[in-house]
Each structure stands twice: as C-alpha cells, then as structure tokens.
Amino acid sequence: MNIGKQIKEGLLTQNPVLVQLLGMCSTLAITTTVSNGIGMGLSVTVILTLSNIFISLLRKIIPEQVRIAAYIVVIAGFVTMVDLLLQAFFPDIAESLGVFIPLIVVNCIILARAESFASKSKPLPAAIDGICQGLGYTMVLIVMSAIRELLGSGTLNGAQVFPTEYAASMLALPVGGFLTLGCLIAFMQWVQSKAKGGK
Amino acid sequence: MDWRILLDIALGAVLINNFILVQFLGICPFMGVSKKMDTSIGMGFAVIFVMGLASALCYPVSLLLDALELQYMRTVAFILVIAALVQLVEMFLKKAVPTLYEALGVYLPLITTNCAVLGVVLLNVQNDYNFIESVVYGVTGGIGFLLAIVLFSSIRERLEFSDPPKAFKGFPIALVTAGLMALCFMGFSGLKIPW
C-alpha cells in the first residue's frame, strides 16, 4: 500500500477531471462561484469515500451480474443522505446547487472508482482512494470556480475584487464553463508533455 | 390541455434551455460518443426513446412516493426505475427489433448513467409538470440532445484534420468548440412564440 502514490495520482497524474475526463456535467455547471465549487467538491468527496468503503466491504457478497445496479443503489443512498444534510444545515448551498446534488448519483467519477478500484481492494486503501480522488475533483472545481467568478463577475468568494463593469460576464455563462475547462485540460496536457520531454 | 403550453415546453427544451449546451446535463456521452456522425445519431435516438419513457414511468412513481410521504426516496426510486427501464428496453429491442438493437449497440446500457435522463425526471418533479407535460419535456429534451450531438459530431469530424496548438489537441479543442456552440445557443434565449 502506497499512500503517497495514491495522493499524487488523485491530485495530479490521474486527476479525475483533468486526466480521466470524468464528471464533466457538474464540473461545468456549478463552478460559477467559489462557495458552490467547495460545497459540491466536498459533497462528492464524502459520498465517494463512503461508497468506496461500503462497496469494498461488500465486494465478496455482490454477485458479478448485478454489480452495477448494486453500486448505483449504494451511491444513491449516500447521495440522499448528503442531500438531506445539506438542505438542513446549508440551505443556501443546497439551493444554488439545485438538481446537481441528486445528480451526483450518476456522476461517472463515483461509479468509475467503484468499478475500477473499490471492488478490487480492501476498505482502507479504498477509503484513501476515495479521499484522494475526491480532493483532486474538489481542487479542479475550486480552481475553475475561482477563475470564472473572478474574471466573470469581479468577485472572489463573494468579496468584490474589482468593479463588476470591468468583468467579462461571458465567463459566468455556460460558454465560460466550456472555455475554462478546455484551457485547464490543455494546460495539463502541456505540463505532461513537458514532464515527458524533460526525462 | 392547452397545446400552447406544450409548444412552449418543447421550444424551451430543444433550443432555449438545451439540455447539453445550456443546462449541462449529459456532457459525458456528448463528449464520449460524438467522434463519428453515425454513432452520435444512434445515441441521440436512444436517448430520446429512454428520456420519453422514463418521464412517463417516473410520473406515477413520484405520485406513489408523494402518497406514501416517501419523497426523500425519490433519487433512489428514480435511478432504479431508469436502470430497470434501460434493461427492459434492451431485452425488448433484442427480441422485437434486432436491427435497431444492433444499431444502438453498446450505447443502450450506457444511458443508465446519462445525467440527462435522471435530470429530466427530477426537473419534471421540480417544475410540477403533469403527465403529458412530463412526456413532452422528456421527448423534446431528447430531441435537443440529438440536435446538439449531431451538430457537434459533424464539427468534430473536421477537427480531426485541423491543426490546433499541440497542447489543445484532442479533448481541449473539442471543449472550446462546444463552448462556441453554447455561445450560439445563447442567441435563442430571447426566443418566444408570439400569441
């Protein structure tokens, strides 16, 4: 078991969004403000960690043929719990994330980690994998939402940085989501090609 | 039933609030299977079919949950209905219309995890649509998906032969292209049917 390697993979070399290209819908849709990004990222991290542990515990009980359906039910259960908790304690965030909280059920990151990692490993590495991949996802969400909020409306986490008149409001719209993510992935590919060239 | 409301819903789902380009639902299949025109057409029709059926089936389920005061089980119930539905459709098509089954191939099971399908049934509940409105919203949302993915795949076939900066090759340039398409679809936002 190699914790350092897992952390590095989750955050950089196997980053769920930038390298594995999973979980696009929520990444594009909710990254308009930093608080949304943090809320969504942490919710996914919690759900991913819990479902990874649970699926890894059940990995010998779940029959091969119905495993996908079983994973989805486990994930949907945890998503419902997080959804209700958010509505009770953070109604603002629950309100602005809206339909994207229940949609975490079909976020490909969680199903992909269940299928490719949790179903083959012991609970502890599965939990660490969930935390690392979740934090990698959260990191991308925070970077993206910071770029879009700062340049799109001139604020950062609600605080005014420069007057809204000078902001490129396009970045806060759907267009900005696609463009920002495209540039971030391009940057990642550039870094990877540099790293390969250096060796 | 006022057909104008239905027309409004249809127009909204296809153009103004296009599921992919404005609401960001169903991006994964949009990016994943849009490399070739014919596969994207197959995927588009499969999605129309499943979204329409799922809207129809989830309406009574949500009524039942309301009656039992089990609203918090909505997400779990809906995803199970969708998973079962996709499985049934797959089995039915295999027996009844093998040609269509062959054409859809691997895309059919993939639809279970398409967020546009779960999204449309959740939005139906959120918007308080009745049965007919739900089905219209589901089908036209699917048509919007088909429109976007076919347009996008035809651009992407040409992107293969273009020469972007090295770092942008492949996925990033496709995302930028999708961004420009979203910009075009913003032009529809003022659209209204004059009565």
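Buried means under 20% relative accessible area, exposed means over 50%, and partly exposed lies in between, with a 1.4 Å probe and protein chains only. This is a predicted model, in which local features need pLDDT of at least 70 and side-chain atom pairs count only at pLDDT 80 or more, while totals for chains, interfaces and linings use all residues; side-chain values use heavy atoms, with hydrogens and water left out. Residues are numbered from 1 along each chain as its sequence is written, and chains are lettered from A and ligands numbered from 1 in the order in which they are written.

**Aromatic rings**

A pair of aromatic rings is described by the distance of the centres and the angle of the planes. Rings of Phe, Tyr and Trp (its six-membered ring) pair if their centres lie within 6.5 Å; planes under 30 degrees apart are stacked, over 60 edge-to-face, and the rest tilted. Over all chains, the whole structure has 8 aromatic pairs. In one of them, B:Phe185 and B:Phe188 stand edge-to-face, with 5.3 Å from centre to centre and 70 degrees between the planes. B:Phe188 is partly exposed, because its relative accessibility is 28%, whereas B:Phe185 is buried at 6%. Elsewhere in chain B, ring pairs join B:Phe19, B:Tyr129 and B:Tyr137 into a cluster.

**Helix packing**

Two packed helices are described by the angle between their axes and the distance between the axes. Here axes are lines fitted to C-alpha atoms, for helices over the stretch in contact, and angles run from 0 to 180 degrees between N-to-C directions. Helices (H or I, at least four residues) and strands (E, at least two) are DSSP runs, numbered from the N terminus.

| Helix pair | Axes come within | Crossing angle, roughly |
|---|---|---|
| α3 (34-57) and α6 (108-116) of chain A | 10 Å | 25 degrees |
| α3 (37-67) and α8 (131-159) of chain B | 8 Å | 165 degrees |

Angles under 35 degrees count as roughly parallel, over 145 as roughly antiparallel, 65 to 115 as roughly perpendicular and the rest as oblique. The chain A pair is therefore roughly parallel, and the chain B pair is therefore roughly antiparallel.

Contact means heavy atoms within 4.5 Å. On the α3(A) side, the residues that meet α6(A) include A:Val44, A:Ile47 and A:Ile55; on the α6(A) side they include A:Ile109 and A:Arg113. For classes, Ala, Val, Leu, Ile, Met, Phe, Trp, Tyr, Cys and Pro are nonpolar, Asp, Glu, Lys and Arg are charged, and the others, Gly among them, are polar. The contact of α3(B) with α8(B) has 17 nonpolar, 10 polar and 1 charged residues.

The buried residues of α6(A) include A:Cys108, A:Ile110 and A:Leu111. The buried residues of this helix pack against α3, α4 (67-89) and α7 (123-153) of chain A, together with α2 (27-32) of chain B.

**Residues in loops**

Most residues other than glycine have a negative phi, and most peptide bonds are trans. A:Leu21 has a positive phi of about 55 degrees although it is not a glycine. A:Leu21 sits in the loop between α1 (3-13) and α2 (24-30) of chain A and is partly exposed at 28%. B:Phe24, also not a glycine, has a positive phi of about 60 degrees; B:Phe24 is buried at 4%.

B:Asn114 lies in the loop between α6 (107-110) and α7 (115-126) of chain B and is buried at 1%. Residues that B:Asn114 touches include B:Gly26, B:Met43 and B:Phe145. In chain A, A:Glu165 is exposed at 68%.

Terms used: Lists of a residue's contacts leave out its neighbours within four places in sequence.
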